[in-house]
Amino acid sequence: MFENLPLWPARASAYAGNVDALYIFLITICGFVCLAIFTMITVFAVRYRRGAGQKAEQIEGSNALELTWTILPFGIFVFIFVWAAVIYFQQRTPPKDSTDVYTVAKQWMWKFQHIEGQREINELHVPVGRDVRMIMTSQDVIHSFYVPAFRIKQDVLPGRYTLAWFHATKPGTYHLFCAEYCGTMHSGMVGDVMVMEPAQYQEWLSGGAATGSLANTGQGLFSSLGCATCHRSDTQGRGPNLAGLFGKLVLLEDGRTVIADENYIRESILLPAAKIVSGFKPIMPTFQGLVSDEQVNALVAYLKSLRSQPAGVAGTPDVKPPTGQTPVTNK
Ligand code: CUA
């Protein structure tokens, strides 16, 4: 329905149909109520117009009428709320085995990096039929990642990650917009999302400069920035052992527990004092201003790549690399 109506953007993601169905329902019900009201006004205006010898009849309240026009709309609104909430949760919950694309927005461009290492600007290549998760942050002000064909819109904020996901269903090129006013060239902060057949996508991935995976870049940084000096993986260092940390619950010094997700790792690099792991001292210096957002992304990707290793409770030195291997190349 509406496929060829130019008012409607292409429908190219798994949940686009659900969003449209709700939207069409809202338009239909609003249209129906609007039509009913104006019809009644017209009919009553003609039927009960003032004529000679007519006298208005006064009517006192009617419980049946009042209950009907209270309960009926209430039911309709609750129905709309539940329907919309289901779609909202669907959009808020990225599926497990999605492929990650790290995004850094800035005035005025979109920078993407795939976990395989490929970088692109204002162009995003994704495979059809795969769940793709966008891990996004901003270098400066608030932007908003908006792909109408996917029915996806997510604010991109400085100082934290926000997530969005989609499952592209149709190969093609789709518009990417910034949907949050972010300065002079806001309207020029646009790009293209290229949805490709899996084979073509693999070809695209293998083309271009081979810079190594994002996790590899992160591993290099982990070593060159000196992280490995304290975060050792062979023995307990001055900082927690980070092998297998990602996705685990972490007990903090103040008794709180947090999940080691992307935002936790990011914060621990840039604001190390914010959450101190139980049993450790707040001795880590901040890396704010020393590492770019892209480098933080690489470090996050590296730590995530360590999660598949056998590891117990995060922070305990129970992962030992084979002898003769340096601690950092613990893969
Ligand atoms: Cu970025 Cu508007």
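Predicted model: local features only at pLDDT ≥ 70, side-chain atom pairs only at ≥ 80, totals over all residues.
Local features need pLDDT of at least 70, side-chain atom pairs count only at pLDDT 80 or more, and totals for chains, interfaces and linings use all residues. Residues are numbered from 1 along each chain as its sequence is written, and side-chain values use heavy atoms, with hydrogens and water left out.

Helices (H or I, at least four residues) and strands (E, at least two) are DSSP runs, numbered from the N terminus. Strands pair if DSSP finds at least two bridges between them. An open sheet of 5 strands runs in the order β3-β2-β1-β5-β8, with mixed pairing. Its edge strands, β3 (119-121) and β8 (162-167), each pair on one side only. Strand β2 (residues 109-114) pairs with β3 in the antiparallel sense over 3 bridges. Gln113 stands opposite Arg119 in β3.

Helix α7 (residues 293-305) packs on this sheet and touches β1 (99-106), β2, β3 and β5 (131-138). Contact means heavy atoms within 4.5 Å. Helix α6 (residues 262-270) is mostly covered, with 7 of its 9 residues buried, that is, under 20% relative accessible area (1.4 Å probe, protein chains only). Those buried residues pack against β5, β11 (249-251), β12 (257-259) and α7.

A nonpolar core is a set of buried Ala, Val, Leu, Ile, Met, Phe, Trp, Tyr and Cys residues joined through side-chain atoms within 4.5 Å. The largest has 31 residues; among those touching the most other members are Phe222, Tyr264 and Val296. Helix α7 gives the most to this core, with 7 residues. A second, separate core of 29 residues includes Val128, Phe145, Val147 and Trp165.

Notes
Axes fitted to C-alpha atoms, helices over the stretch in contact; angles between N-to-C directions. Buried < 20%, exposed > 50% of the residue type's maximum accessible area, 1.4 Å probe, protein only.
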